[in-house]
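Subject: Structure for you to look at

Hello,

Here is the structure I said I would pass on. Please open it alongside this message; my notes follow below.

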Amino acid sequence: MSDQSSERREEIAVQRLLRGGLILSSLLMAVGMIWALVISHLESHAVSFRSVAHYVATGHPSGVMGLGLFVLVALPVARIIVLVVDFARERDWRYAAVGLTVLGLLILAVFLGRS
Amino acid sequence: MNLAPLTVWLLLFSGMGAGFFGAMLGIGGGVLIIPALVLAFDVPIHVAVAASLVAVIATSSAATSVYVAKGLTNMRLGMTLELATTVGGITGGLLATRLPATTLLIVFAMFLVPIAILLLRGRAERGDVVEAPAAARGRSDETRRGLGGVYYNPRTDEFLAYRTSRLPLGMGLSLVAGGLSGLLGVGGGILKVPAMNLAMGIPIRVAAATSNFMIGVTAAASLVIYIQRGFLDPLIAAPVALGVTAGALVGTVASPKVSSALLARIFGVLLLIVAVQTLLRALGVGRV
C-alpha cells in the first residue's frame, strides 16, 4: 500500500535527521567543552544568534559550544520542514498547512523575542 | 564570571543524574536539573531554564528517533497539537523573560509540589496507566483519514487501531502544557501524556511517543526567546545538555528493569524539600 509506505518513508526521514543532528550537536558541544577545559578558558557568558559567529571566528570555545546548541535548536525546525515537504509530495495539503503554520509560529517567536 | 574546571564536570554529572532519574520516573530531566542549577550552582533561574530547554530538545530528539522507528509516534496528531503547544511555549517564554527572578522561582517551587504529590501517590509510574479502551480497537480505513492510527503492541503481539476524540480539549490542555514549558523550562509530558490518554483516548504508548515528539518544537519556540534575551550560556547549557541526554538514554534502557515504586517515593519527598528550599531562596533566606 502506497499510503502505508509513504508513512514509513516519513518516519525514516525524521529518524535520520534527528539522529544525525543530535550526533553533530553533541560532538560540537563536547569538543567545545573539552577545548575550554584544556585551555582553561572557562568564562561564563551568554551567546546570541549573532555573537556566536563572532566567537567561532575569533577561535573561542564557547563559539563551538554555541554552534552545537544552535544545531540542536534547529533540529525541531528542520524536522517540521522535512515533514511539510513530504506531506506536500503526498498532496496531503491539510497537514502540510498545519506544519507550515507551526513553522510560522516559530518564526514569529524569533521576532517576538527581540526586545 | 569564570567557572572552575570542577564546576564544569559537576554540571555534566548533575545533568547525567537528572536525565537518568527523570527518565526512570517519567517526569523528564528539567524538573530535576533546574533546582539543582539554582540551588547548588547559584545559576540565575532564567539561565537555568534556558539550559533545561536545551536538554529538553536533546532528549526529545533522542527519544523521537527511537519511537518513530518503532512506528509509535503519530506525527499528524503531534503536529496538530503542536499548533497549541507552540502558542503556549511562546506565551510562556515571553512571560517568563519579563518576570523577575524571584517571581519565577516562586512559580517553579509551586509547580514542584503537585509533581511531588504525584510521585508520592505512585501515579507517575510507568505501566500504571491503562491501555486504550477496548472499544477503540479493531482495524478500519477511517483511522487512516483522521487523526487516528495503527500501532504495534509487542506485549500482545498485535496491531491495534485507535481513533482520537475530543480534539478541542486536547488542544486546550496542550496549550497549558506548552505554557508551562516556556515558563519553567520543563517538557510538560507529565501533563500531556495523561491528557492525550484520558481525554483523547490515545493508547498510552502512542501518547508518550507523540508527547516526546511535540516537546522539542515547543521547547524550541520558547528557547529562541530566551536566547534573544541573553539567557543562553554555553558553558552551562552544553555540559548540562550532554549530561542529560546521556543520562536519559541510560535511564530509558534501565527503567523497565527496575521497580520505580520506592524511587518515586524517595524523589517525591526530595522534591518537596527542594520546593521549600527554592521558595526560601526566592525569599532571600537560606543562601549560603
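Chain B contains 11 helices and two strands. Read from the N terminus, its elements go α-α-α-α-α-α-β-β-α-α-α-α-α. Please keep in mind that this is a predicted model. Chain B has 288 residues, and 59% of them count as buried. Among its contacts between residues at least 6 apart in sequence, 80% join residues at least 24 apart.

Start with helix α2 of chain B, residues 30-41. This helix has 12 residues and reaches 15 Å from its first C-alpha to its last, close to the 16 Å expected at 1.5 Å a residue. Nine of the 12 residues of α2(B) are buried, and the helix is mostly covered. The buried ones include B:Val31, B:Leu32, B:Ile33 and B:Ile34. What lies over them? The cover includes α1, α3, α5 (101-120), α10 and α11 (261-282) of chain B. Just after α2(B), B:Asp42 takes a positive phi of about 60°.

Next, look at how two helices of chain B meet. The axes of α3(B) and α10(B) come within 8 Å and cross at roughly 35°, and the crossing is right-handed. On the α3(B) side the contact includes B:Ala50, B:Ala51 and B:Val54, and on the α10(B) side it includes B:Ala237, B:Val240 and B:Ala241. By class, the residues of this contact are 14 nonpolar, two polar and no charged.

Several of these residues come up again in the largest nonpolar core, which has 132 residues. Those with the most contacts inside that core are B:Ala50, B:Ala51, B:Val54, B:Ile57, B:Leu223, B:Ala237 and B:Ala241. Which residues does B:Ala241 touch? Leaving out residues up to four places away in sequence, B:Ala241 touches A:Met29, A:Leu72, B:Gly15, B:Val54, B:Ala55 and B:Ala58.

Finally, two residues of chain A deserve a look. Most residues other than glycine have a negative phi. A:Ser40 is not a glycine, yet its phi is positive, about 35°. A:Ser40 sits in the loop between α1 (2-38) and α2 (51-57) of chain A. Is A:Ser40 buried or exposed? With 11 other C-beta atoms within 10 Å, A:Ser40 is exposed. A:Arg91 is not a glycine either, and has a positive phi of about 60°. A:Arg91 lies in the loop between α3 (61-89) and α4 (93-113) of chain A. A:Arg91 is exposed, with 8 other C-beta atoms within 10 Å.

Regards

Note on methods. Residues are numbered from 1 along each chain as its sequence is written. Chains are lettered from A and ligands numbered from 1 in the order in which they are written. This is a predicted model: local features need pLDDT of at least 70, side-chain atom pairs count only at pLDDT 80 or more; totals for chains, interfaces and linings use all residues. Axes are lines fitted to C-alpha atoms, for helices over the stretch in contact, and angles run from 0 to 180 degrees between N-to-C directions. Helices (H or I, at least four residues) and strands (E, at least two) are DSSP runs, numbered from the N terminus. A crossing is left-handed if the near helix is turned anticlockwise from the far one by less than a right angle, and right-handed if clockwise. Two residues are in contact if their C-beta atoms, placed from the backbone, lie within 7 Å. Ala, Val, Leu, Ile, Met, Phe, Trp, Tyr, Cys and Pro count as nonpolar, Asp, Glu, Lys and Arg as charged, and the others, Gly among them, as polar. A nonpolar core is a set of buried Ala, Val, Leu, Ile, Met, Phe, Trp, Tyr and Cys residues joined through C-beta atoms within 7 Å. A residue is buried if 20 or more other C-beta atoms lie within 10 Å of its own, exposed if 12 or fewer, and partly exposed in between; C-beta atoms are placed from the backbone. The expected span of a helix is 1.5 Å times one less than its number of residues.
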